[in-house]
Structure formats: C-alpha cells, structure tokens
Amino acid sequence: MAKIRELCLFLLLAFSIARVSEAGSAIGVYELKRGNFSVKLTNYGATVVSVFLPDRNGKLDDVVLGFDSIEDYKNDTAYFGSIVGRVANRIKGAQFILNGKKYKLVPNDGNNMLHGGPKGFSDVVWQVQNYNTDTHITFTYNSTNGEEGFPGDLRVSVTYMLINTNQLSILMRATPLSKATPVNLASHTYWNLAGHSSGDVLSHQVQLFADKITPVDGELIPTGDILPVTGTPYDFLHIHEIKSKFHELPNGYDINYVLKYEGDGHFHKAAVVYESKSGRKMELWTNQPGLQFYTSNMLGTVKGKGGVIYNNYDGICLETQGFPDAVNHPQFPSQIVKPGDRYEHVMVYRFTAK
C-alpha cells in the first residue's frame with residue numbers, strides 16, 4: 001500500500017519531466033507496452049481499446065470489451081472504455097442551480113443527462129499532448145463555455161501510465177478557466193478478466209471497500225439517501241461471486257457505492273476482482289469518494305472485437321467518481337470546481353495472476 005501511495009504522488013508531480021514525443025489531434029490508436037502487459041488507447045474519447053494480461057499459465061488475453069474500428073466507437077452507445085464527462089453519471093432533469101443561476105443541460109437519458117450529454121467527452125477527439133510507448137500517454141481537451149449547457153471553459157487532461165509490473169494508472173485533471181463548474185470525470189471501461197470473448201462475468205468474485213450506497217429511483221437518479229449495505233444484495237465487503245445474490249435484484253448491479261473515504265483526496269483501496277479460471281486478479285485504488293458498480297445490465301446485443309457478440313452481464317464497470325447528481329444534492333460531496341482550483345482524479349490498477 002505504501003508503494004502505491006508513493007506512486008500516486010509521483011504521478012501528480014512527475015509527468016512534466018518524462019521523455020515525450022509530440023503528436024497531434026488526428027484520430028489514432030496508441031500502445032503502451034511493458035513486457036507482456038500492453039494497453040491500447042485511442043484519442044477518440046480518450047478511450048481504453050484493449051488491455052492484454054497473462055493468466056496464471058502465461059496465456060495472454062484481452063480483458064476489456066470494445067471494438068475493432070474507430071467508426072464503431074463513434075457509433076457506440078455503451079461508452080466502451082471511454083472517459084465520460086464533463087459530469088459522469090446522471091443529472092436529474094438535466095439541470096442544476098449554481099450561484100443562483102439555473103443551468104439547463106442537454107438531456108440524453110429521457111429528461112435527464114447521462115455522462116455529459118449527447119456529445120460528452122466520450123464523443124470528442126482529444127489532442128495527444130505527449131506519448132512514450134514505454135511509459136505513458138497524455139490526452140488533452142478544451143471544453144468550451146456552454147458546451148452541453150455547462151458553464152465556463154474547462155481545460156482537461158487524462159494521462160495513462162504504466163507503473164511497476166502490470167500496473168496501470170489513470171490521472172484525470174480539469175482546470176476551470178472562466179467560471180465555476182461541476183466536474184466529475186470517470187473511466188467507463190468494461191472488464192472481463194477471463195477475456196473479452198468469454199461470456200458473462202457472474203462468476204467473477206468481487207470485493208468493494210464500501211459499506212454504504214446511494215439508492216436510486218426508477219430513473220436511476222439518487223434519492224438523496226445514504227444507506228448501509230449490510231444484509232442486502234449490495235454487500236460486497238467480503239469477496240464473493242457476483243451471481244451469489246444476483247437473483248435478489250431485478251436487473252443486476254448499477255449503483256454508486258460510498259467508499260470508505262477519509263476525504264481531502266485521500267488515496268484508498270476501492271475494489272478487488274478475481275476470476276478463478278484464469279487466476280487473474282485486479283485491485284483498484286482511487287482518491288474519489290464513490291464507485292459505480294455496473295454489471296452491463298443494459299448492454300443488449302453488441303458486435304464487438306473480432307465479431308464477438310457481447311450480451312448483458314458480459315463485463316463489469318468499476319467507475320470511481322463523485323456521487324451521481326451531486327449538483328442537486330447539497331448533502332453529497334461537492335463537485336463544483338472554481339477558477340484557480342484544479343480537479344484531480346487518480347485511479348491505479350494492479351494486475352496479478354495465481
């Protein structure tokens with residue numbers, strides 16, 4: 001844990017001195033590779049395209065769902081692997097009040113806004129600021145005042161970095177340039193540790209370091225309550241298979257967990273996922289207060305990489321985040337960032353196999 005914290009501090013301080021090669025804003029695919037661990041990304045949506053990992057016998061598999069072509073990502077409605085924002089998750093009624101002014105956003109989920117609107121950060125071309133195949137890549141995007149209804153210009157960056165053995169970090173930053181604005185970025189990667197083409201993830205074992213959830217209404221908007229998970233199907237305080245209590249839920253998991261969080265950007269463990277056939281294990285740390293646990297309940301039927309048909313429950317998303325609809329719930333941790341301040345969101349994944 002101490003080493004992970006040191007790496008987090010390194011990430012926040014050291015990107016500016018890394019060896020880089022300049023690139024532009026044409027859409028491309030970029031690989032980070034160290035040994036037999038590789039990650040492919042595209043600057044369309046700052047998206048994770050693939051993650052190749054060895055299993056306990058050294059066999060490599062791609063463990064994230066996705067597509068073969070950029071055109072497929074442009075038509076994607078599942079947000080495969082992308083960075084979502086300016087505000088991830090849902091905003092009730094696609095509106096909020098800030099400093100006495102009502103902001104009306106562009107709805108794309110009934111009357112609500114989801115993941116930043118019809119053209120959120122997942123559907124724009126990011127610039128490649130710097131890139132080194134051995135270490136990292138940084139994408140940047142300038143979001144303008146009024147984009148999807150949000151106030152103020154916002155400068156955004158996302159850095160993906162390989163650290164140590166089979167570890168991947170994501171550092172998301174945003175700086176308001178003119179007005180206070182809500183910011184809540186999230187990585188929307190769908191994981192299947194048995195391999196992206198292996199079917200459902202219901203036998204994956206999951207542990208979440210969270211003892212509360214923010215329950216939702218029929219439109220998946222938080223009610224404003226914060227409730228304990230003990231004695232409910234949402235209790236993953238001890239590791240167990242996803243399917244063990246799946247029958248107690250109408251549609252699967254799609255809920256924000258309140259992480260055991262000390263505030264002020266404290267770095268903490270959020271989740272562990274284990275897949276027994278491959279022996280692959282994924283651990284996740286973050287500095288965010290919430291985690292959306294989603295079992296791809298609404299995936300439907302999607303033709304993915306290599307012609308594989310993805311169905312409901314074929315991937316899990318572990319989206320560290322601020323609480324959904326926080327702009328309309330003053331009791332939730334604030335997502336408002338003012339000019340002169342900076343939003344920072346760190347995720348660190350550690351992958352092993354045994």
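Begin by selecting strand 1 (residues 29-34) together with strand 2, which run antiparallel and are joined by six bridges. The model is a predicted one. Within this pairing, Lys33 has Ser38 of strand 2 as its bridge partner. Next, centre the view on Gly35: the hairpin of strand 1 and strand 2 has two residues between the strands, and Gly35 takes a positive phi near 65° there.

Keep strand 2 (residues 37-42) selected and colour it by accessibility. Is this strand enclosed or open? Five of its six residues are buried, so strand 2 is largely enclosed by the rest of the structure.

Thr42 stands opposite Thr47 in strand 3. The hairpin of strand 2 and strand 3 has four residues between the strands, and in it Gly45 takes a positive phi near 75°.

Proceed to the aromatic side chains. The structure holds 25 aromatic pairs. Select Phe121 and Tyr141, which form an edge-to-face pair at 5.4 Å centre to centre, with 65° between the planes. Phe121 lies in the loop between strand 9 (113-114) and strand 10 (127-132), and Tyr141 in strand 11 (residues 136-143), so the pair ties together parts that are 20 residues apart in sequence. Phe121 counts as buried at 1% relative accessibility, and Tyr141 counts as buried at 14%.

Then select Trp191 and Tyr349. Their ring centres are 5.1 Å apart and their planes stand at 50°, so the pair is tilted. This pair links distant parts of the chain, 158 residues apart: Trp191 is in the loop between strand 15 (186-188) and strand 16 (205-208), while Tyr349 is in strand 28 (residues 343-353). Trp191 is buried at 2% relative accessibility, and Tyr349 is buried with a relative accessible area of 2%.

Finally, return to the cartoon and select the five strands that form an open sheet in the order 18-17-20-23-26, with antiparallel pairing. Which strands are at its edges? They are strand 18 (227-228) and strand 26 (317-321), each of which pairs on one side only. At the strand 18 end, strand 17 (residues 210-214) pairs with strand 18 in the antiparallel sense over two bridges. End the tour at Ile213, which stands opposite Leu227 in strand 18.

Definitions and conventions: Residues numbered from 1 in each chain as written. Predicted model: local features only at pLDDT ≥ 70, side-chain atom pairs only at ≥ 80, totals over all residues. Heavy atoms only, no water. Phe/Tyr/Trp six-rings, centres within 6.5 Å; stacked < 30°, edge-to-face > 60°. Buried < 20%, exposed > 50% of the residue type's maximum accessible area, 1.4 Å probe, protein only. Pairing = 2+ DSSP bridges.
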